[in-house]
Amino acid sequence: MNVLLLGGGGREHAIARKLVESDKLKTLYAIPGNPGIESIAEVESSISVTDIDEILSFAKEKQVDLIFCGPEAPLVAGVTDAARNAGIPVFGPPQYAAQLEGSKLFAKEFMEKYNVPTAGFHKYTSYNDACEHVEKVTTYPIVIKADGLAAGKGVRIPVNKDEALATLEDFMVNKIFGDAGSTVVFEEFMTGEEMSLFYITDGKKFMQMIAAKDYKKAFDNDEGDNTGGMGSYAPHQSLSDSLQKQIDSMMEKIADGMIRENMDYRGVLYVGIMITPDGPKVVEFNCRFGDPETQVLMPLIDNDFLELTLAAARGDLGTRELAWKDIYAACVVIASGGYPGSYPKGKVISFETDPSDYIHAGTRFEGEEIVTSGGRVLNAVATGKTKAEALDNAYRLARQVQFDGAFYRKDIGS
Ligand code: AMP
Ligand code: GLY
């Protein structure tokens, strides 16, 4: 079987490693891939992940049996619809369903319609109306979201009126996220512990994966700005029976809504929740795997992941169930100095061991050398019989690589 993997970050390298374990795999192709993925797949770096025509002609030429979509952008752009029309199954939902991630408003209206617990909200398409709303706010913080995709930066939590008005000006007047900010959603501010849940689905059956812990802040002790994620481990502490029951009942409403809306969602649904004093509520949906949660989930999966995801993409998981290895995995993200703000690129990476010992997130070749090309550069991922052993192994790997300005959190697992 030939598989085409879309994406070129750490998440996709982790998925690639899992897919090549399958003895059903003939060739793994990747667009655009990265130096890590290139050690196990044939990469085509000249095609953009949102150039649907080019992706389809590549897939047809290489007789691809499955397109596995890593990031959200190709899904929101409609790669699934085009590929399915051409008879190629895709692990990833169609464009309509991908709006669950692509439009905050779509997601909120979906949840409202199907009684899924979430923060109350108001939407505005007019800057003046949005400013009027702010004038009436009496308690802070509030939450303001740009409706469209904003590279994970479209959420602000103003703590006073000035910050709220500045946010509206950035989103709606200065259009710092382009059209993504033409519509804004105000949300009630929720408090509680956050958790990410991942469900693999064929559109009808939703299989919950084990929980993974993600560390979002840049520095130790959860200090600094939010990042895409600076580390992770799995399994995360197990959910109590009563919380799991509440989550299951929430998920039933989500699944029911998705089926009624004919979403035909085949892929992974990422449900970000907050355990509020009133029970779990949905913060957001994503139509892709989390990064760096994927890096610790993949090594623990005991299924033939290619066989499983192809079945989901074909809309027929049947009686398949997820199986898990009885081990732990940990991931330490090695980032560029300055991240999540601005950072230099092109720093030469010196590896004490084989570069393919690492998951590559933001690297590229420059001649014979591998240099940095992103904020999150490498992931030191390891497994162990215990959580402590997995963390020790990951940190040992993290210490064996250097580049100018490199930093990582020292408290992953705490
Ligand atoms: P999102 O991109 O929607 O996940 O939002 C990014 C982050 O903003 C979340 O992980 C939360 O930490 C925070 N956030 C989003 N919505 C809310 C809310 N209604 N109340 C409190 N925090 C929120
Ligand atoms: N680690 C959070 C995300 O992938 O959105």
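View 1. Lys-145 is buried, at a relative accessible area of 4%; buried stands for under 20%, exposed for over 50% and partly exposed for the range in between, with a 1.4 Å probe and protein chains only. The model is predicted: local features need pLDDT of at least 70, side-chain atom pairs count only at pLDDT 80 or more, and totals for chains, interfaces and linings use all residues. Residues are numbered from 1 along each chain as its sequence is written, chains are lettered from A and ligands numbered from 1 in the order in which they are written, and side-chain values use heavy atoms, leaving out hydrogens and water. Glu-187 is also buried, with a relative accessible area of 7%. The two side chains form a salt bridge with an N to O distance of 3.1 Å (a side-chain nitrogen of Lys or Arg within 4 Å of a carboxyl oxygen of Asp or Glu). This pair links distant parts of the chain, since Lys-145 belongs to strand β7 (residues 143-146) and Glu-187 to strand β9 (residues 184-187), 42 residues apart. Helices (H or I, at least four residues) and strands (E, at least two) are DSSP runs, numbered from the N terminus.

**View 2. The shell around ligand 1.** Among the 15 residues around ligand 1, the nearest are Glu-187, Glu-188, Met-190, Glu-194 and Glu-284; a residue counts when one of its heavy atoms lies within 4 Å. By class, the shell holds eight nonpolar, no polar and seven charged residues (nonpolar: Ala, Val, Leu, Ile, Met, Phe, Trp, Tyr, Cys and Pro; charged: Asp, Glu, Lys and Arg; polar: the others, Gly among them). Strands β7 and β17 each contribute at least two residues to this shell.

**View 3. Side-chain contacts to ligand 1.** An N or O atom in the side chain of Lys-145 is 2.9 Å from an oxygen atom of ligand 1. Glu-187 places a polar side-chain atom 2.9 Å from a nitrogen atom of the ligand. For Glu-284, a polar side-chain atom lies 2.9 Å from an oxygen atom of ligand 1. The ligand taken alone exposes 480 Å², of which the protein buries 87%; areas come from the Shrake-Rupley method with a 1.4 Å probe.

**View 4. The sheet that holds β7 and β9.** Four strands form an open sheet in the order β6-β9-β7-β8, with antiparallel pairing; strands pair if DSSP finds at least two bridges between them. β6 (121-124) and β8 are the edge strands, each with a single partner, so one side of each has no neighbour in the sheet. β6 and β9 run antiparallel and are joined by four bridges. In this pairing, His-122 stands opposite Phe-186 in β9.

**View 5. Salt bridge between Arg-156 and Asp-170.** The two side chains meet at 3.0 Å, N to O.

**View 6. The network of Glu-72, Glu-101 and Arg-288.** Salt bridges with shared partners join Glu-72, Glu-101 and Arg-288 into one network. The structure as a whole holds 22 salt bridges. In the one between Arg-288 and Glu-101, the closest N and O atoms are 3.1 Å apart. Arg-288 is in the loop between β17 (279-286) and α10 (293-297), and Glu-101 is in helix α5 (residues 95-102), so the pair ties together parts that are 187 residues apart in sequence. Arg-288 and Glu-101 are both buried.

Definitions and conventions:
Polar contact = N/O pair within 3.5 Å; in protein donor to acceptor, adjacent residues only side chain to side chain.
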